[in-house]
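Have a go at each task before you read its solution.

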Amino acid sequence: MLKVAYGMQEVGDLRIVTESNYTTALRQGWEAREQQVSFQDFVSGTNDWLGKASSRGDALDSVTGQQVDLHLLRRWLTDCELNHGEACNSSLYSRSNADLPLVLIDVIDNCLVSASSGAKYFALSYVWGAVDMSPTLLGNYKSRCQKNCLPQQFPNTIADAITLVRALDERYLWVDALCIVQDDPEHKERDIARMDVIYSHAFATVVALHGANADAGLPGMRPGTRSPQQVETLVIDAGSEDLDYSPDTKSAQGRGKVTLHLVATPRPLDLVLGTSCWETRGWTFQERLLSRRCLYFSDRYVYFQCGRWRDKVLSECGINSTPRSKQRANSALEASLSNPLTDLYHGGVTGLDPEQSLAKTFATYVRLVDKYTARKLSCEADIINAFMGTFAALNELFQSDILCGLPVAALDLAMLWAPARRTPRRGHTMHTQGFQNMGSGHALGQPALVPTNRNTDVLAWAPQMQTFDDRVDRRFPSWSWVGWTGPVEYRLYYGMPRHLPLPASLIEEFVIVVDGKGLQTIPGRKQQRVALTSQGCHLTSAAPKDFAADKPIASPSLPNVLQFLASTVPLSTFTVSTEQEYISTTDHIHSSSQQAVHHILDGKGKRCGLWWEQAGYLYVGRGLNAEAESKMILVGVSRHDAIWDSCGPYRAEGEIKLFDEKVYPVSGTGSGLINVIAVDLDMGHEFGERITVARIHALAWEEAGPVKRMVRLA
Ligand SMILES: [Zn+2]
């Protein structure tokens, strides 16, 4: 085997094709086997098996359509079904044991049928794109349930999936566009909330990796939809010391030459995923995570992965191994094949005490949110919908509801997400203009007007300016990551040693005003330890306590207001330094991400914490808008009693120290870290918006004299 690398990255192997392996090493070798074509005939170029250009000029279709070996696909599926046991054949998520009603496509009778999740069916995972989906609607649903009444024309991907299921001698297929009545809100809501059941009960999920819309099809299903596999011919001296291969053939001996046939193995699936449009979309995220087994159709090869072999992938040319070079040990690409959800279920949380169980489940939640928020949604308001199946699977383990994207059982932990770059609120559009668009007289280094989140302009020394409109979608509150458009990271927990306990919550009780109406209380994490061992932590609508004579307020215009009593410090007590440091990307410690942090300075100008930069608030710390900054507070959310090595975020040059160790103790009395959120109280009516997160040394926090007050976040 000869490793093939592109830059630092291994992309596969070169394999020598011989008489003994050509029927399995070559993608179309199965056709040679079936039709008993000899090796010499196969590779000689006298026919078109490999699609080599022929004088006839119709090489591709005349002899072989470069189609998929359906027997092979059936063998993969049967072997997995019969021999892989529980790991591949049970629904991991306990709720999904119940059979739920589903609409399925009957590919034999060519119609829709009312069935249940207990049926043996395939599911399709694909990208819609701007294509006429020919969806099922209230107006055509009844007629589509009649035998042979599905329309003839569907987008290629759906049509190919139907052909595939039929060719595998199976009967049922679930495709969202057809099996959810698209203009029936009730049906839609029902099925969106149970994607965990739909995908985890499916016998297998067919993944359309190729292309950017539903017309791309499943390559290899129809003749001529994939290009021939390249086979290179190389003539070398027989007995060459450079090559550990010496076929004993007459022709080779006669001329002292050996003819080699070389073929590249399929690119590793994780690399194919990494360059696919499918892998960038929000909806497809949970579809793979929740599936038992997947058949991936890329432009050149079909791959198979199931629950038993999470890092072993099969392809049409044998086992598709993932290169394990050092450079890729932690790369995001390699991680793209992993499945945090099944890792958690297989690793198990049973037997752990509630605190450990929560820590483990939360760690999985963090991995999932970090990945999910980096993806794109065509419809921004789908941010919760496209994650509902994942939530449902996590609910089981959190034993708690998920509220606006955050688990109720760990609200104080989950509130501490950090923006992974400057992100606008959901519904906002953010325009960035360079200097050239800012009129004459603005040379580099001259102050420019920078509009803020509140449509007020401040003068700033900024290389670019950002403007906002004021169309924030208030259904998605600022205290959750769903309230912002863009990737988030739970950076504050990165690198935290496993033996350390979760930070202690500083908030005793939350009250949420759902949809501007009912008040619901959520106990803080301290009380929850008891609740978790009994029936779990779910929202209760008990009357809220009248704490600090400061009652929660409902506002009809602001749904999902979160209220709690917390220690607060005015932002003006500290100074946010103008000096910014770009932190590293999560997958590559030596490259900078798009996110910067600023040092927080105490009253004496000593470093005592870090502030995560956020769009719309770039003026903070620049002394440009003292009035706006006077309305900002820092809110203490949780506390780490122990400080661990490298608790600051990384950048290319190394760790960014959180605080000045000459001034603030690393251990012993007075040490500790406070996780805080920054809140802008300028919304009026006593409501505020979460801006960003920060982390401050506990001593600096205490010296700042925190005051308890009611915080209301919308
Ligand atoms: Zn399996």
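**Exercise 1.** Which residues does Ser593 touch, not counting residues up to four places away in sequence?

*Solution.* Start with the ground rules. The model is a predicted one, so to speak of a local feature you need pLDDT of at least 70, and side-chain atom pairs count only at pLDDT 80 or more, while totals for chains, interfaces and linings use all residues. Numbering starts from 1 along each chain, as its sequence is written.

Step 1: list the contacts, where a contact puts two C-beta atoms, placed from the backbone, within 7 Å. Ser593 touches Ala420, Arg421, Tyr582, Ile583, Ser584 and Thr585.

Step 2: Ala652 is 59 residues apart from Ser593, and their C-alpha atoms are separated by 9.7 Å.

**Exercise 2.** Is Ser593 buried or exposed?

*Solution.* Step 1: recall the cut-offs: buried takes 20 or more other C-beta atoms within 10 Å, exposed 12 or fewer, and partly exposed is in between, with C-beta atoms placed from the backbone.

Step 1: count. Ser593 has 20 other C-beta atoms within 10 Å, so Ser593 is buried.

Step 2: zoom out to the chain, where 42% of the 714 residues are buried.

**Exercise 3.** How do the axes of H17 and H18 cross, and which residues make the contact?

*Solution.* Step 1: get the geometry. Axes are lines fitted to C-alpha atoms, for helices over the stretch in contact, and angles between N-to-C directions run from 0 to 180 degrees. For helix H17 (residues 354-372) and H18, the axes come within 10 Å and cross at roughly 165°.

Step 1: classify it. Under 35 degrees is roughly parallel, over 145 roughly antiparallel, 65 to 115 roughly perpendicular, and the rest oblique. H17 and H18 are therefore roughly antiparallel.

Step 2: name the residues. H17 brings Thr361, Tyr365 and Leu368, and H18 brings Thr390, Leu394, Leu397 and Phe398.

**Exercise 4.** At what angle do the axes of H14 and H18 cross?

*Solution.* Step 1: the axes of helix H14 (residues 282-290) and helix H18 (residues 388-398) come within 8 Å, crossing at roughly 40°. That makes H14 oblique to H18.

Step 1: look at who meets whom: Gln286, Leu289 and Leu290 in H14 face Gly389, Thr390 and Ala393 in H18 as contact partners.

**Exercise 5.** Which strands does S23 join through bridges?

*Solution.* Step 1: strands count as paired if DSSP finds at least two bridges between them. Strand S23 (residues 509-513) has five bridges to strand S24 (residues 519-523), running antiparallel. Glu509 stands opposite Pro523 in S24.

Step 1: S23 also has four bridges to strand S25 (residues 561-570), again antiparallel. Here Val511 has Gln563 as its bridge partner.

Step 2: Four of the five residues of S23 are buried, so S23 is largely enclosed by the rest of the structure.

**Exercise 6.** What is the strand order in the open sheet of nine strands, and which strands stand at the edges?

*Solution.* Step 1: the order is S4-S3-S6-S5-S7-S10-S11-S12-S13, with mixed pairing.

Step 1: strand S4 (111-116) and strand S13 (318-320) stand at the edges; each has a single partner strand, so one side of each lacks a neighbour in the sheet.

Notes:
Helix = DSSP H or I, 4+ residues; strand = E, 2+ residues; numbered from the N terminus.
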